[in-house]
Every structure is written in structure tokens, then in C-alpha cells.
Amino acid sequence: MVKNINKNIMLLSCKSKDAAIEDSEVISDLKDTLSANSDRCVGMAANMIGVLKKIIIVNIGSINMIMVNPEILKKSGEYETEEGCLSLEGVRKVKRYKNIEVKFQDEKFVKRVRKFSGFTAQIIQHEIDHCNGIII
Ligand SMILES: [Zn+2]
């Protein structure tokens, strides 16, 4: 189901809790909501649709990848950039890393470790920040 985008800063500032198999509905809601906003949005965290669980979705070309309980294990290549967010107005300066290694569960809750770089890595860092209650 397509959900409304949460713009409540208090809620967005809360840390999300670990997600489990019973949160599967959140996964389909994130897919639907990202698809509905694909013209202006490349990723989303569950708290952006009002659910305080560690689930993010990241657009990689034609695929929308779900990451459950994502955690950055390694990072390198710090740089400064500007980002926007569907939950906020305008853009803000932020520090990101070019290369990251992330531990997560996929949408079938299978544990994975993968390396990402460039723009995909940037989106993942932005969405993981959301899970930790950090807004750009
Ligand atoms: Zn955001």
C-alpha cells in the first residue's frame, strides 16, 4: 500500500528497532511507496512511512533493493556532498564514504554481507542514518 511520507521531525529523530519476519508488510508498503515517488526519490527508510523498524529500500537502476537491519561494517573514502530528503525541504551538506561494506538481511530475511560504492553507497548511508534517527 502506498503510504503518506512522514515529515514529523520528532518521529524521524527516533531510533528504529530491529525488524523481524512479522514486519513483512512494511516491506511491501516501502516498495509501493518508493515506486509511487520514484520521480523524486531513490531510497526510503521505514520511519519515513511512520514505522520505527530498521528496514530500508534503495533504488539501484531497475531494482528496488530491500535491506533489513542494515549495519555498516567498513567504510572508506570520506567526502563531502549535498543531499535532499523527501521528509525535508531543500538540501544539506553531509559527509559520506565512497566505499562501504554492509551487513543486512534481504527481503527473505537471509543474512548477507555486500560491498557498495558510489551513488548506491551514498543512498544506503542516508537511509541507515534514518534508522538511527539521524536526519541530514
Ligand atoms: Zn531521507
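# Notebook: a predicted chain with a zinc ion

**Entry 1. Asn69.** I began with Asn69, which is buried, with a relative accessible area of 15%. Here buried means under 20% relative accessible area, exposed means over 50%, and partly exposed lies in between (1.4 Å probe, protein chains only). I noted that Asn69 lies in strand β3. Helices (H or I, at least four residues) and strands (E, at least two) are DSSP runs, numbered from the N terminus. Asn69 has a positive phi of about 50°, although it is not a glycine. I set beside this the general rule that most residues other than glycine have a negative phi.

**Entry 2. The source.** I recorded that this is a predicted model, in which local features need pLDDT of at least 70, side-chain atom pairs count only at pLDDT 80 or more, and totals for chains, interfaces and linings use all residues. Residues are numbered from 1 along each chain as its sequence is written, and side-chain values use heavy atoms, with hydrogens and water left out.

**Entry 3. The whole chain.** I listed three helices and five strands in the protein chain. From the N terminus on, the elements run α-α-β-β-β-β-β-α. The radius of gyration is 14 Å, close to the 14 Å that the globule rule gives for 136 residues, so the chain is as compact as a globular protein of that length. This radius is taken over C-alpha atoms, and the globule rule is 2.2 Å times the number of residues to the power 0.38. Along its principal axes the C-alpha trace spans about 35 × 35 × 30 Å.

Of the 136 residues, 45% count as buried. Contact means heavy atoms within 4.5 Å. Among the contacts with a separation of 6 or more, 63% come from residues 24 or more positions apart. The accessible surface of the protein chain comes to about 7400 Å², and carbon and sulfur atoms hold 50% of it. Such areas come from the Shrake-Rupley method with a 1.4 Å probe; for residues, only the protein chains shown count as cover.

**Entry 4. The zinc ion.** Which residues coordinate the zinc ion? I found Cys85 (SG), His126 (NE2) and His130 (NE2), at 2.0 to 2.2 Å. Donors are N, O and S atoms within 2.8 Å of the metal (3.2 Å for Na, K and Ca); water is not among the atoms, so sites may look incomplete. Along the chain the donors follow the spacing C-x40-H-x3-H. His126 and His130 both lie in helix α3 (residues 118-131), four residues apart, about one turn of the helix. I noted that His126 is buried, and so is His130.

**Entry 5. Glu83.** Is Glu83 buried or exposed? Glu83 is buried, with a relative accessible area of 5%. Its side chain makes a polar contact with the side chain of Arg96, at 2.8 Å. A polar contact is a pair of N or O atoms within 3.5 Å; within protein, one must be able to donate a hydrogen and the other to accept it, and residues adjacent in sequence count only if both atoms are side-chain atoms.

**Entry 6. Paired strands.** I followed β3 into β4: the two pair in the antiparallel sense over 13 bridges. Two strands pair if DSSP finds at least two bridges between them. Glu78 stands opposite Tyr97 in β4. The hairpin of β3 and β4 has six residues between the strands, and Gly90 there takes a positive phi near 75°.

How many bridges join β4 and β5? There are seven, again in the antiparallel sense. Ile100 stands opposite Phe116 in β5. The hairpin of β4 and β5 has five residues between the strands. I located Phe109 in the loop between β4 (91-105) and β5 (111-117). Phe109 has a phi near 65°, a positive value in a residue other than glycine. Phe109 is buried, with a relative accessible area of 14%.

**Entry 7. Asn59.** I ended with Asn59, found in strand β2 (residues 55-60). At 24% relative accessibility, Asn59 counts as partly exposed. A polar atom of its side chain lies 3.1 Å from the backbone oxygen of Gly61. Not counting residues up to four places away in sequence, Asn59 touches Leu34, Val42, Asn64 and Ile123. Asn59 and Ile123 are 64 residues apart in sequence and 8.4 Å apart in space, C-alpha to C-alpha.
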